[in-house]
Amino acid sequence: MHDQPSTILWLHGFPLSSAIFDDQRAIPGVRHLMPDFLALSSMDDYARFALGVLDEHGVERAIFAGLSMGGYVCFAAARLARERIDGLILLDTREMADNADARLGRYESIEKVKRDGVGPVVESMLPKMLTDGAPAEMVARVRSIMMASSPEYVIGALEAMAERPDSSELLPSLDVPALVIAGAEDPITTPADAERMARLLPNARAVAIANAAHLANVEQAVTVNREIESYLNQR
Ligand code: MLT
């Protein structure tokens, strides 16, 4: 058993902000750092930004918690500064790079954002974020978080995701305690993705969250927080 870690660095997904982690602030006994990403266009730049947040707060090592794109940033940070990662919480993310079709789709979305703003991208992603059973207020809250994204951030993030490298070969070297969470109904990053990552990571456990899609941490916050608390207690 390790000492209880002091800091979790929460890295949000796309096209979202740190507001998506509001429910996770209730997790006790740790310090939460929840930055908002700037408009950057490479995963390494996002990782340097995240490491800079730790520097600003005088934190040497933290548990990196990455939701979807935030997970891609965790992998980039691990390539740049593996020694600063004290643990991993991977939420609805995957280690694989985009295939050619997905990459093309990102560049088509960039053109769409330049032409029509963020609205069409938000509306096409929203149905994948929460299950059909999610309450209307929750859907409205997620939509408003997504709609607050600036076109510059959305364009930069799309480019960064399109060009990110595959991290399959990195995972076996990340021997820190890891928790890999996926919404059982997530159509973007599936429980099969989570199980594969947990097999590649030397010290990981995968959990599928029932009645949740891509934003399991929002839709089933109580269950996700309980899983995270139990991860923290068992480290
Ligand atoms: C996210 O939630 O960050 C994105 O859906 C990730 C992606 O599009 O690959």
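The model is predicted: local features need pLDDT of at least 70, side-chain atom pairs count only at pLDDT 80 or more, and totals for chains, interfaces and linings use all residues. Residues are numbered from 1 along each chain as its sequence is written, and side-chain values use heavy atoms, with hydrogens and water left out.

**Ligand.** Select the ligand and display the residues around it: Gly13, Phe14, Ser68, Met69, Tyr72, Arg106, Met125, Met161, Ile188 and His214 (each has a heavy atom within 4 Å of the ligand). Next, display the polar contacts (pairs of N or O atoms within 3.5 Å). A polar backbone atom of Phe14 is 2.7 Å from an oxygen atom of the ligand, and a polar backbone atom of Met69 is 2.8 Å from a ligand oxygen. From Arg106, a polar side-chain atom lies 2.8 Å from an oxygen atom of the ligand. Taken alone, the ligand exposes 270 Å², of which the protein buries 95% (accessible areas by the Shrake-Rupley method with a 1.4 Å probe).

**Backbone features.** Most residues other than glycine have a negative phi, and most peptide bonds are trans. Select Phe14 and Pro15: the peptide bond from Phe14 to Pro15 is cis, with omega near -15 degrees. Pro15 belongs to the loop between strand 1 (7-11) and strand 2 (31-33) (strands are DSSP runs of E, at least two residues; helices are runs of H or I, at least four). Move to Ser68, in the loop between strand 3 (62-67) and helix 2. Although Ser68 is not a glycine, its phi is positive, at about 50 degrees.

**Helix pair.** Select residues 43-56 (helix 1) and 69-81 (helix 2), whose axes come within 8 Å and cross at roughly 80 degrees (axes are lines fitted to C-alpha atoms over the stretch in contact, with angles from 0 to 180 degrees between N-to-C directions). Helix 1 is therefore roughly perpendicular to helix 2 (65 to 115 degrees).

**Phe49.** Finally, select Phe49 in helix 1. Not counting residues up to four places away in sequence, Phe49 touches Pro35, Asp36, Phe37, Leu38 and Leu40. Between Phe49 and Asp36, the C-alpha to C-alpha distance is 9.9 Å, with 13 residues of separation in sequence.

Key. Parallel < 35°, antiparallel > 145°, perpendicular 65-115°, else oblique. Polar contact = N/O pair within 3.5 Å; in protein donor to acceptor, adjacent residues only side chain to side chain. Contact = heavy atoms within 4.5 Å.
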